[in-house]
Amino acid sequence: MSQRIVTGAHYGLSDWLAQRISAVIMAVYTVIAVVVLLGGAPITYAVWKDLFARGWMRVATLLFMGSLAWHAWVGVRDIIMDYIKPDGLRLALQVLVLITIAAYLGWTIQILWG
Amino acid sequence: MSQAAVKKARPKYLSLQAIIFEIRLPLPGWVSILHRVSGALLFVSLVWLLWMLDRTLSSEASFEKIRHYAGLWPVKLSLLALVWAYCHHFCAGIRFLFLDIDKGIDKATARMTSGIVLAVSLALTVLLGWKLW
């Protein structure tokens, strides 16, 4: 049995939990979105535009993207830590991923409220 | 016991060849690695999907342009691959959530649920593909 005392350091429990919470948020949004989009009228530009003009849809989509950002950061960082061994390259890739995620988020806000 | 069975080359280092041809992943292993592959694929494709969301919302003309663009077969095929990636990531993720709470961790059940995840995500891809086009 491990003798380490889990205190005072970052042991990954919060990442593990964040991965699950964000996954559940995205799953709920996905199921609702699929039902709304496939269950209703054919999607024309007017229907599509009207859907994304609603405040709740914008907020829900932003919540989805926020969850995705968090989820993707934990997931992609895990992949990088598993396969990329040289420290410099690993750090560079992690920074690149963070910048990409920030850009994705900024762009999403611009699309939704722009 | 025969001598040949005892004398194995150890340690064994994994070559790419060994990974591809010698090691046969059990079904839960396939679900796991495909979860990773689909997640990475979705992450890098997000720029493309956001671009399409942006275009479809900017004007009626660009909405129709994207609708036409999505009907081209290379685009359609790529989108279908992403639909599969999403469905697989979704189904495998739900399976992992059950594993978290110690549901379905015995070998037979784990193998069965892996088969279900692979089959259901393929079926969902076909269903959504058929619905979308």
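A residue counts as buried if 20 or more other C-beta atoms lie within 10 Å of its own, as exposed if 12 or fewer do, and as partly exposed in between. The exercises below apply to a predicted model.

**Exercise 1. Helix α6 of chain B**

Task: State which residues of α6(B) are buried and what they pack against, and check the length of the helix.

Solution. 
Step 1. Under the cut-off above, the buried residues of α6(B) are Thr113(B), Ser114(B), Val117(B) and Ser121(B).
Step 2. These buried residues of α6(B) pack against α3 and α5 of chain B.
Step 3. The helix has 26 residues, and from its first C-alpha to its last it reaches 37 Å. At 1.5 Å a residue, 38 Å is expected, and the value for α6(B) is close to that.

**Exercise 2. The pair α5 and α6 of chain B**

Task: Describe how α5(B) and α6(B) cross and which residues meet.

Solution. 
Step 1. Two packed helices are described by the angle between their axes and the distance between the axes.
Step 2. For α5(B), residues 73-100, and α6(B), residues 107-132, the axes come within 8 Å and cross at roughly 145°.
Step 3. This crossing of α5(B) and α6(B) is right-handed.
Step 4. On the α5(B) side the contact is made by Leu80(B), Val83(B), Trp84(B), Cys87(B), His88(B), Cys91(B), Ala92(B) and Arg95(B). They meet Thr113(B), Val117(B), Val120(B), Ser121(B), Leu124(B), Thr125(B), Leu128(B) and Gly129(B) of α6(B).

**Exercise 3. Asp102 of chain B**

Task: Locate Asp102(B), decide whether it is buried or exposed, and give its phi.

Solution. 
Step 1. Asp102(B) is found in the loop between α5 and α6 of chain B.
Step 2. Asp102(B) has 7 other C-beta atoms within 10 Å. The limit for an exposed residue is 12 or fewer, so Asp102(B) is exposed.
Step 3. The phi of Asp102(B) is positive, at about 65°, although the residue is not a glycine.

**Exercise 4. The pair α1 and α3 of chain A**

Task: Check the lengths of α1(A) and α3(A), then describe their packing.

Solution. 
Step 1. α1(A) has 27 residues and reaches 39 Å between its first and last C-alpha, close to the expected 39 Å.
Step 2. At 1.5 Å a residue, the 29 residues of α3(A) should span 42 Å, and the end C-alpha atoms are 42 Å apart, which agrees.
Step 3. The two helices, α1(A) and α3(A), pack at an angle of about 145°, with their axes 8 Å apart. Their crossing is left-handed.
Step 4. Among the residues of α1(A) in this contact are Ser22(A), Ala23(A) and Met26(A). Ser67(A), Leu68(A) and His71(A) are among those on the α3(A) side.
Step 5. The contact of α1(A) with α3(A) divides into eleven nonpolar, four polar and one charged residue.
Step 6. In α1(A), Ser22(A), Ala23(A) and Met26(A) are buried. The buried residues of α1(A) pack against α3 of chain A together with α5 of chain B.

**Exercise 5. Gly66 of chain A**

Task: Decide whether Gly66(A) is buried, exposed or partly exposed.

Solution. 
Step 1. Gly66(A) lies in helix α3 of chain A.
Step 2. Gly66(A) has 15 other C-beta atoms within 10 Å, so it is partly exposed.
Step 3. By contrast, the buried residues in α3(A) include Met65(A), Ser67(A) and Leu68(A).

**Exercise 6. Where the chains touch**

Task: Describe the contact between chains A and B and the pair α3(A) and α3(B).

Solution. 
Step 1. The contact takes 17 residues from chain A and 16 residues from chain B.
Step 2. On the side of chain A that touches chain B, α1(A) gives the most, with five residues.
Step 3. That side of chain A consists of twelve nonpolar, three polar and two charged residues.
Step 4. The axes of α3(A) and α3(B), residues 27-58, come within 10 Å and cross at roughly 120°. The helices α3(A) and α3(B) are therefore oblique to each other.
Step 5. The crossing of α3(A) and α3(B) is left-handed.
Step 6. Ala72(A), Gly75(A), Val76(A) and Ile79(A) meet Arg36(B), Gly39(B), Ala40(B) and Phe43(B). This contact of α3(A) with α3(B) divides into five nonpolar, two polar and one charged residue.

Note on methods
Residues are numbered from 1 along each chain as its sequence is written. Chains are lettered from A and ligands numbered from 1 in the order in which they are written. This is a predicted model: local features need pLDDT of at least 70, side-chain atom pairs count only at pLDDT 80 or more; totals for chains, interfaces and linings use all residues. Axes are lines fitted to C-alpha atoms, for helices over the stretch in contact, and angles run from 0 to 180 degrees between N-to-C directions. Helices (H or I, at least four residues) and strands (E, at least two) are DSSP runs, numbered from the N terminus. A crossing is left-handed if the near helix is turned anticlockwise from the far one by less than a right angle, and right-handed if clockwise. Two residues are in contact if their C-beta atoms, placed from the backbone, lie within 7 Å. Ala, Val, Leu, Ile, Met, Phe, Trp, Tyr, Cys and Pro count as nonpolar, Asp, Glu, Lys and Arg as charged, and the others, Gly among them, as polar. Angles under 35 degrees count as roughly parallel, over 145 as roughly antiparallel, 65 to 115 as roughly perpendicular and the rest as oblique. The expected span of a helix is 1.5 Å times one less than its number of residues.
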